[in-house]
Amino acid sequence: MILYHMSDTLCVGDVLKRDFKDNLSLAEPFVKALTVSEECFNSVFLSAKYLRASLKKFGLCDMQTDHIKWAAEGIFEYIRRAEFPKLPCRLTGSYFFDSIESCRELFEEDWGSASEEEHSKIRLFEVELDDSAPRKFDMRLFDEAYDLLWENENPAEIIPIARKYFSGEIVGTAEILSEAPARVIRDITDQLR
């Protein structure tokens with residue numbers, strides 16, 4: 001199946017495999033904490049918030065230190081494991097789109113206000129996914145969960161959103177999620193802008 005994938009690290013010929021960016025390790029403490037209790041989750045969350053503040057003071061922050069992202073991913077993964085265990089994991093899977101227009105929409109949303117230097121790092125690839133039945137989910141639901149967690153720091157508000165996501169409720173742009181290998185076959189970045 002031919003799909004599209006954006007990346008700042010891949011090259012033609014590369015193969016995307018499960019958890020190729022090792023993101024599960026960043027969310028796993030939140031999953032385990034929520035398994036114990038919401039209070040335990042809050043403790044881990046506040047510890048991560050403090051760590052990010054400390055790293056920021058020394059200019060060491062990036063997406064990998066975004067405690068909101070990894071806490072939200074942890075909540076989503078907790079719900080997936082508990083209620084939707086047969087569905088692919090957001091953290092070990094890869095994301096694809098079935099149209100270039102959807103890629104443009106995501107690019108504008110995520111990097112629209114970024115510098116030209118940052119824009120130039122993002123590549124659009126045509127990939128061949130070895131999955132006959134990948135799943136579609138609404139990427140805006142995760143964005144909504146992230147924003148709510150940022151504003152209110154309340155994991156209980158995120159749980160119903162995670163359920164909607166894994167239930168397959170789609171009202172915005174659908175992202176295709178799969179844990180199957182995908183081979184990068186062509187760089188088509190010129191079609192992104």
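E153 sits in the loop between α6 (139-152) and α7 (155-167). Its phi is positive, about 50 degrees, although E153 is not a glycine. With a relative accessible area of 30%, E153 is partly exposed; that class lies between buried (under 20%) and exposed (over 50%), using a 1.4 Å probe and protein chains only.

This is a predicted model, where local features need pLDDT of at least 70, side-chain atom pairs count only at pLDDT 80 or more, and totals for chains, interfaces and linings use all residues. Residues are numbered from 1 along each chain as its sequence is written, and side-chain values use heavy atoms, without hydrogens and water.

- D22 lies in the loop between β2 (15-16) and α1 (24-36).
- Phi of D22 is also a positive value, near 55 degrees, and D22 is not a glycine.
- D22 counts as partly exposed because its relative accessibility is 45%.
- D66 is placed in the loop between α2 (38-57) and α3 (67-83).
- D66 is buried but has no salt bridge, meaning a side-chain nitrogen of Lys or Arg within 4 Å of a carboxyl oxygen of Asp or Glu.
- For D66, the nearest side chain of opposite charge is R52, 4.9 Å away.
- Apart from neighbours within four places in sequence, D66 is in contact with R52 and Y146; contact means heavy atoms within 4.5 Å.

**Helices and strands**

- The protein has seven helices and seven strands.
- These are DSSP runs, numbered from the N terminus: helices are H or I with at least four residues, and strands are E with at least two.
- From the N terminus, the order is β-β-α-α-α-β-α-α-β-β-α-α-β-β.

**Overall shape and packing**

- Along the principal axes, the C-alpha atoms fill a box of roughly 45 × 40 × 30 Å.
- Of the 193 residues, 42% are buried.
- Among contacts with a separation of 6 or more, 82% join residues 24 or more positions apart.

**Surface and charge**

- The accessible surface is about 10,100 Å², and 52% of it belongs to carbon and sulfur atoms.
- Such areas come from the Shrake-Rupley method with a 1.4 Å probe; for residues, only the protein chains shown count as cover.
- The protein has 24 positive and 37 negative charges, with mean positions 3 Å apart.
- Lys and Arg count as positive, Asp and Glu as negative; His and the chain ends are not counted.
- Each charge is placed at NZ of Lys, CZ of Arg, CG of Asp or CD of Glu.
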